[in-house]
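Please have the sequence and the model in view.

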Amino acid sequence: MSTKHKHLISSLILSLTGIVGAAQADELNNLLKSADHFRLGDESMQVETRITTFNRDGSKEKERDYLVYSRPNRQSLVLMQSPSEQGQKVLMSGDDFWMLLPGSQRPLRITPMQKLLGDASIGDIATTAWEQDYEGKVIGEEQCDQRVCLHLSLHANRKSVAYQRIELWLGKSLHEPLKADLYVQSEKLAKQASFVMDKAQAPTAVDQMILLDQLSNHKETRVQYVNRKPKTIPDQWLNPMFLAKNPNLE
Amino acid sequence: MHSAAQAALSTHRVLRGFVLIVSFISNMALSNACADDLQFSGQIRHLWTVSENNDRDPVSNANQFIPGLIPEYKNDASVQAELHASAHGVTAIATLQGQAFDQGGTEATGWLNELYTGWGENAWQFSIGKKIVSWDVAYGFRPNDMIQQEKRQTFISNSLIGRPVASAEYFDADNSLALVWVNPVHGASTDATVEQAFAARAYHHAGSLDIYGFARYGQETGTSLGSAAAWVANESLELHTSYRYSQQVALLTLVPPPAFLARTAPWQALLINHVQQAAIGMTYTTEEQHSFIIEAWWDGAAPSDKQWQQWNQRNVALGQLASKNASLETPVAYNLAWQANLFSAANNLRRKNLFARWSWKTGAWETAIDALYTPVDKGRTTTASIAWQGDRWHVDAGIRIYGGPSSAVFAQIPQNKLFYTSATWAF
């Protein structure tokens with residue numbers, strides 16, 4: 001075979017690899033987009049979230065309420081609403097995070113690691129889009145509780161997300177999220193998540209996310225999406241100084 | 001006026017204050033019971049502190065000569081009710097407090113933390129009233145906290161008491177500008193907490209960096225300019241720095257009395273020129289939820305090394321004078337008591353300070369240890385605390401120990417150990 005032909009074949013193989021790779025990336029993005037739609041709804045939303053933590057013996061340890069405003073481009077604002085946390089806020093704008101404490105009027109710039117503090121981290125509450133934050137591949141079809149599901153292996157494309165690696169299982173036909181293993185930076189399994197849908201036969205949205213801590217206390221945390229509605233917050237709400245000036249936003 | 005009559009009048013005023021605050025908040029709550037925008041919340045806190053009093057500080061020495069000249073309590077218990085309400089653009093925070101000391105002493109008082117009205121939509125906003133306005137970065141000391149001048153390193157974080165302000169603020173997504181007229185109706189004073197002043201803060205968000213610029217013009221103290229930055233270096237590390245230059249700052253200074261024993265407090269607030277304050281620090285948080293803060297700061301508005309030397313020398317000289325001449329014990333006692341004024345002269349006791357804090361949060365529990373060290377006199381204060389957070393209850397307990405060589409300022413403050421417990425119920 002002449003050198004010319006060898007080059008031609010190499011180019012063809014490379015092109016085919018590229019096309020296959022692009023097609024796989026497109027397939028992954030479509031799967032994540034569908035899964036995100038079940039979790040997040042529209043791009044700009046107001047979500048009332050209730051988090052309940054259970055002790056290892058099944059008794060309820062605590063319950064917290066949050067109001068979460070989300071916008072495209074990884075922007076979200078979490079308002080703590082339970083009496084013990086009333087007035088606290090966490091603002092996330094891309095990779096930048098701030099915490100506001102009641103009465104102090106001084107926003108605190110916090111690191112992604114500080115955002116992780118707590119049974120359900122702020123990253124769990126202000127759910128960001130998997131499609132934007134993760135890349136990876138489809139491992140293949142598997143059995144999930146007597147049904148066929150798709151196994152996806154995802155790694156974060158930026159360091160500020162709560163979990164650096166996610167092993168995710170989606171329903172085969174609708175691509176609704178079923179369960180996930182969530183790994184932190186050090187590759188330790190931090191939490192195992194399972195998703196409860198609103199309607200078992202024809203799901204439209206995630207109703208609850210159940211998190212089992214695997215890193216420290218092995219407690220169960222339920223993240224319940226009590227109410228979702230479309231809402232677009234103004235640009236100023238994403239300025240930490242504006243939030244300090246306006247403690248009562250709702 | 002007779003002291004009993006004064007006490008009765010004072011109690012009457014406190015009660016009247018109580019009634020005013022309670023009726024204001026109640027009216028707000030009742031008249032807006034049906035209003036959609038009414039927000040009402042609060043907390044009730046019980047705090048109990050037990051102190052071990054120092055026996056080598058000027059206050060104890062003064063009390064040796066005139067027992068009870070400056071009361072030193074070993075037990076202090078208080079109950080605070082903090083009420084928050086907001087409706088129709090008016091926001092109020094009020095606190096009512098009942099306090100009991102050793103030997104059955106009690107005191108009731110109340111104060112308004114905030115009462116202000118605000119208007120304006122998203123870009124421009126305006127406020128008038130008594131308002132908490134906290135600025136600057138850093139944990140242990142904030143040079144550019146130009147309006148609030150919050151006292152740091154307290155045991156329990158209470159709502160601050162706001163300042164009278166009129167303010168205009170501009171916001172977009174990444175920038176803000178605040179223009180504040182503080183203490184607008186106050187007369188001339190060199191005390192920065194009550195001095196009439198204009199202050200401004202500009203803020204810019206540039207990705208992982210927050211940048212601030214500050215300016216203040218005080219009626220008596222003149223101009224001060226400052227800047228600060230907070231930078232998130234990676235997912236675990238945040239670095240911050242703050243610097244302020246002030247044309248003039250009031251500082252308690254010893255004005256030598258004509259005779260060695262003064263008839264009135266010889267420590268007077270005098271203006272000092274060209275004052276610099278700076279802080280630098282970092283926070284580091286691990287995956288296992290351990291957090292570390294390390295900071296160093298210079299506070300040019302605190303008493304100088306020379307002033308503390310003079311202070312130490314005067315303490316010794318006053319003690320020697322009383323031991324040589326018993327008839328002078330009474331004036332010596334008053335002069336020793338005035339020496340304690342320097343403890344509250346500034347936000348920091350010494351100019352050079354190093355601070356470190358470790359905290360660990362696991363579930364509902366948080367434990368912390370922090371230490372403040374003053375390298376010039378090797379003084380130190382160490383605090384260990386534990387906190388538990390429930391749905392509505394928050395419980396804190398801790399101990400603080402002051403120490404250092406006998407000439408260190410921290411070793412000469414009126415208490416050398418403090419133990420505290422606190423329980424807070426939020427509603």
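B:His274 counts as exposed because it has 10 C-beta neighbours inside 10 Å, and a residue with 12 or fewer falls in that class. The model is a predicted one.

**Positive phi angles**
- B:His274 is not a glycine, yet its phi is positive, at about 50°.
- This histidine, B:His274, sits in strand E12 (residues 267-285) of chain B.
- B:Asn183, also a residue other than glycine, has a positive phi near 50°.
- B:Asn183 lies in the loop between strand E7 (175-182) and strand E8 (197-206) of chain B.
- B:Asn183 counts as buried because 20 C-beta neighbours lie inside 10 Å.

- In soluble globular proteins, nonpolar side chains tend to be buried together.
- The largest nonpolar core has 77 residues, and A:Val78, A:Leu91 and A:Leu170 touch the most other members.
- Helix H1 (residues 3-40) of chain A supplies the largest share of this core, five residues.
- Beyond its neighbours within four places in sequence, A:Leu170 has contacts that include A:Leu31, A:Ala35, A:Cys149, A:Leu150 and A:Pro177.
- Another core, apart from the largest one, has 14 residues, among them B:Ala250, B:Val275, B:Trp308 and B:Phe410.

**Contact between chains A and B**
- Chain B contributes 42 residues to the contact and chain A contributes 34 residues.
- On the side of chain B that touches chain A, the elements giving two or more residues include strand E1 (39-53), strand E10 (222-232) and strand E14 (352-362) of chain B.
- That side of chain B comprises 14 nonpolar, 18 polar and ten charged residues.

Terms used:
Residues are numbered from 1 along each chain as its sequence is written. Chains are lettered from A and ligands numbered from 1 in the order in which they are written. This is a predicted model: local features need pLDDT of at least 70, side-chain atom pairs count only at pLDDT 80 or more; totals for chains, interfaces and linings use all residues. A nonpolar core is a set of buried Ala, Val, Leu, Ile, Met, Phe, Trp, Tyr and Cys residues joined through C-beta atoms within 7 Å. Helices (H or I, at least four residues) and strands (E, at least two) are DSSP runs, numbered from the N terminus. Two residues are in contact if their C-beta atoms, placed from the backbone, lie within 7 Å. Ala, Val, Leu, Ile, Met, Phe, Trp, Tyr, Cys and Pro count as nonpolar, Asp, Glu, Lys and Arg as charged, and the others, Gly among them, as polar.
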